[in-house]
Amino acid sequence: MLLLRCHLKRALPQKVSCRLCPVMGKLQSKFRHSTYRYRRPDGFIEERIHTKAFQEFSPAHVDTVSVVAALNSDVCVSGGKDKIACIYKSSQFFSASRDKTVMMWDLQSSSQPRQQFSGHTMVVTGLTVSPDSSQLCTGSRDNTLLLWDVGTGRCAESASVSRNLVTHLCWVPREPYVLQTSEDKTIRLWDSRGLRVAHAFPTQQHIQTHCVASEDGHTCVSCSSGFGGEGCEATLWDLRQTRNRICEYRGHFQTVASCIFLPRALASMPAVATSSHDCKVKIWNQDTGACLFTLSLDGSGPLTSLAVADTISLLCASFSRGIHLLRVDHSRGLELREVAAF
C-alpha cells in the first residue's frame, strides 16, 4: 500500500507534477499515438489519429495496482493486493488485506495503524465507511459481513449468507444502507440497523465485481465480469421505491472492474464512467446508455479501479503501468486524455 501525493494543476500535461511518498520514480516524457474510427451522420466512416504527450514516472508499485482512492484533491492512496476505503477530505483511511484483518490509518499520527479490526476467517474483499465515519462495514470470502464501531474497534453486528463471496461494498450516502456485490452474481442492499438484507436485486448472468451509489442516494451502478463482450456490462438501478433496473451500459469486451458516477463539475450531463480489463475507460450518458467517449490505455493491462481525483481529473489503476492520471477535456464535448502515469 502506498500514499501518493499528487498536485493536479489546471494546466497543460507538461505542468502536471506528482510527488510520490516514499519515493518517486524516474520521469520520462512520452508520445502516444492513438487511432479511432467514427461514423458521421451521413454514414461515411472517418479515421482520426491523435498524438498525445504525457508524463510517465517509473511505477510506484512493483506489481499490479488493484485499487486507488482519493483522500482529497492532493492525496490518493493505492493498494497492490489490498482493498482501501477513504474518509474523503480527511486524513483517515482503511486498508483490508489477505491477512484477514482491516487496519485504520491516520496521516496526521504515527506510521503505525490507529486501529485493527480482526474477525474474518478468510481474505477481506470489501470495506466501506458510514457517511458519519462512525461505522465500518467489511465483507469477506468467508460469506460474512461484519459491522464495526470505528471508535472502539469492536464488532457490533455479524451476518452470513451462503455462497455470498463478497467482491465489493459501498455505503449509500445519507442512508443506513450498504450495497454489496458478490461472486454469486447477486447485488444485495443491507440495512446496517441490525445488518439484515433489505433487498436482493435480480440475479445476474455473471459475477458482479463492483458497485457504487450516487451522491443523492437515489441510484446505484453495478458492473459485471465477462469475456468477448458476453457480460461485461454496467447496470443502473433505482434505490428508492421500485428498485428496478433503469439502464445498461454495454460496449466493453472484458470484465468491467470499476464504475463511478461523474460529479456535475466533471460532466455537463449525468454521466457514468467504467474501467475494464480490455484496457479501456468509457464515459456513458447515464440516462440513455449511449457511450460518449472511449479512452484506450494501451499497454496498461487490465484496468482495475477508477476514482475521482478533483473537479477536472480521474485516477485509474492498472495491472502493468501503475496509476494513470486522466484529465477531463470539454473542448470537443466530453473527452478524457491521459496526462501522467506513476
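Modeller: Two strands pair if DSSP finds at least two bridges between them. Strands themselves are DSSP runs of E, at least two residues long, numbered from the N terminus. The model here is predicted: local features need pLDDT of at least 70, side-chain atom pairs count only at pLDDT 80 or more, and totals for chains, interfaces and linings use all residues. Residues are numbered from 1 along each chain as its sequence is written, and side-chain values use heavy atoms, with hydrogens and water left out.

Colleague: Let me try a hairpin. How many residues lie between β29 and β30?

Modeller: Strands of a sheet pair through backbone hydrogen bonds, either parallel or antiparallel. Here, β29 and β30 form a hairpin with four residues between them. β29 spans residues 303-308, and five bridges join it to β30 in an antiparallel run. Look at Ser305: it stands opposite Ala317 in β30.

Colleague: Is β30 mostly covered or mostly open?

Modeller: Mostly covered. Its residues are 313-318, and six of the six are buried. Buried means under 20% relative accessible area, exposed means over 50%, and partly exposed lies in between (1.4 Å probe, protein chains only).

Colleague: Which way do the side chains of β30 point?

Modeller: In a regular strand the side chains alternate between the two faces of the sheet. In β30, Ser313, Leu315 and Ala317 point one way. Leu314, Cys316 and Ser318 point the other way. Both sets are buried.

Colleague: Now a sheet. What is the strand order in the open sheet of four strands?

Modeller: The order is β19-β20-β23-β24, with antiparallel pairing. β19 (208-213) and β24 (245-249) are the edge strands, each pairing on one side only.

Colleague: How many bridges hold β20 and β23?

Modeller: Five, in the antiparallel sense, between residues 219-224 of β20 and residues 234-238 of β23. Cys223 has Ala234 of β23 as its bridge partner. Cys220 stands opposite Trp237 of β23.

Colleague: And what lies between β23 and β24?

Modeller: Six residues, in a hairpin. Arg243 sits in the turn and has a positive phi of about 55 degrees. The two strands pair over four antiparallel bridges. Ala234 turns up again: its bridge partner in β24 is Tyr249.

Colleague: Why is β23 called largely enclosed?

Modeller: Because five of its five residues are buried. Ala234, Leu236 and Asp238 point one way, while Thr235 and Trp237 point the other way.

Colleague: Next, charges. How many salt bridges does the structure hold?

Modeller: Side chains of opposite charge can pair when their charged atoms come close. The structure holds 11 salt bridges. Each is a side-chain nitrogen of Lys or Arg within 4 Å of a carboxyl oxygen of Asp or Glu.

Colleague: Which residue pairs with Asp191?

Modeller: Arg196, with the closest N and O atoms 3.5 Å apart. Compare the two ends. Asp191 is buried at 3% relative accessible area. Arg196 is partly exposed at 47%.

Colleague: Last one, cysteines. How many disulfides are there?

Modeller: A disulfide is a covalent bond between the sulfur atoms of two cysteines. The test is a pair of cysteine sulfur atoms within 2.5 Å. By that rule the count is zero.
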